[in-house]
Amino acid sequence: MRLSSFTTLAVALASAAPALSTAVWGQCGGIGFTGSASCDPGTTCIVLNPYYSQCQPGSSGPTTTAKPPTSTTTSAPPSGGTGSGGSCANRTKFKFFGVNESGAEFGNGNIPGVLGTDYTWPSPSSIDYFVGQGFNTFRVAFLMERISPPSSGLTGGFDSTYLNGLKTIVNYITSKGAYAVIDPHNFMRYNGQVISSTANFQTWWKNLAGQFSTNSHVIFDVMNEPHDIAAATVFSLNQAAVNGIRSAGATSQLILVEGTSYTGAWTWVSSGNSAVFGAIKDPNNNVAIHMHQYLDSDGSGTSPTCVSPTIGAERLAAATAWLKANNLKGFLGEIGAGSNSACISAVSGALCSMQQSGVWIGALWWAAGPWWGTYFQSIEPPSGVAISQILPQALKPYL
């Protein structure tokens, strides 16, 4: 998800005492934010959305940089597209179905940050709960700057403590027979700059994949939500990552590649992703196109109000058609919505249309995580807001 979702409550619940001003790329405002609204000289507090403002270089006034809305209706949902799993005829169950486990990417304004104050790792009890419910896939978000300290750069060594934290939760997930999706949650940025070197990115992924190359239940997610970067550039970086992962000896694991424009399904065509990602090459033929889709008016996932009860299937239709036309598999790595009847129908319709299509191999809810509190999409057990209605009515019917 965007910067908003993984920092909104992290700051409110677990941040250190605020400084007099905030350094570049740090948070400076948003709903629930209690830190300093002042930015260091040469930077300006830019409004990204109601939940998150960020200190960015320059002196222009606050602005809004939401994901670009595009036409959301391309075709009617398929038969059964608004029903429950029981009434969704001719469907194929997902191979991978579960939740995002968020927390280790929190506190991105404080690098490296303090465990338990700026960030946290997912709770084993959360994994146990969802495995017990029948889910089998968990996407674990983390920050590149914590695992690869800026002092060493992308091609340097890893921070052993943070790497061990990632390994611990990944090994716990896979010990349960589930799949762990390793997710650098950096938006194709590192240390405040857009990643531009395919060679360095390939080396970084080769080194990281080498840490998990013997675990067949690990899935490699190349990069969370690249944005404001040309689709062709994002494609080249993804291809470099695929090459690096395979060269590390990680030959059996699934790789997920994400496009620009926050890898949105509804913007997959308009963003230019559809023009380039059909050429993705994997010598092991085990790659899937990773997209995200939220169901509020601007597709940001910041409002619990869905556009309509059918918007889920509608927003996925063009992406589904593109996957079929290119003989590729899709993976919906983030979907989220409010706990109300319209949204429950919209989520159910999205999942039904995906399972009927035969081209989507997985889906994950955004998000679980121990620090989400009252966030409207929280599915953290036992009392996350999405537990009581979304889980039984919109997700479990599609197990």
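The model is predicted: local features need pLDDT of at least 70, side-chain atom pairs count only at pLDDT 80 or more, and totals for chains, interfaces and linings use all residues. Residues are numbered from 1 along each chain as its sequence is written, and side-chain values use heavy atoms, with hydrogens and water left out.

**Whole chain.** Select everything. The chain holds 10 helices and 13 strands (DSSP runs numbered from the N terminus: helices are H or I, at least four residues; strands are E, at least two). Of its 399 residues, 57% count as buried (under 20% relative accessible area, with a 1.4 Å probe and protein chains only). The accessible surface comes to about 13900 Å², of which 53% belongs to carbon and sulfur atoms (Shrake-Rupley method, 1.4 Å probe).

**Strand β11.** Select residues 287–294. Of the 8 residues in β11, 8 are buried. V287, I289, M291 and Q293 point one way, while A288, H290, H292 and Y294 point the other way. I255 has V287 as its bridge partner in β11.

**Helix α2.** Select residues 124–133. S126, I127 and F130 are buried. Seen down the axis, the buried residues of α2 fall within an arc of 100°, so they line one face of the helix (the arc is that of the directions from the helix axis to the C-beta atoms). They pack against β4 (96–104), β5 (137–142), α4 (160–175), β13 (360–368) and α10 (390–395) (contact means heavy atoms within 4.5 Å). Step on to G134, which follows α2 and has a positive phi, near 110°.

**Aromatic rings.** The whole structure has 20 aromatic pairs (rings of Phe, Tyr and Trp, its six-membered ring, with centres within 6.5 Å; planes under 30 degrees apart are stacked, over 60 edge-to-face, the rest tilted). Select F201 and W204: this pair is stacked, 6.3 Å centre to centre with 0° between the planes. Both lie in helix α5 (residues 198–210), 3 residues apart. F201 counts as buried because its relative accessibility is 0%. For one cluster, select F94, F97, Y129, F130, F135 and F138.

**Last stop.** Select R315 and W266. The charged end of R315 sits over the ring of W266, 4.1 Å from its centre (CZ of Arg or NZ of Lys within 6 Å of the ring centre and within 35 degrees of the ring normal).

Key. Buried < 20%, exposed > 50% of the residue type's maximum accessible area, 1.4 Å probe, protein only. Pairing = 2+ DSSP bridges.
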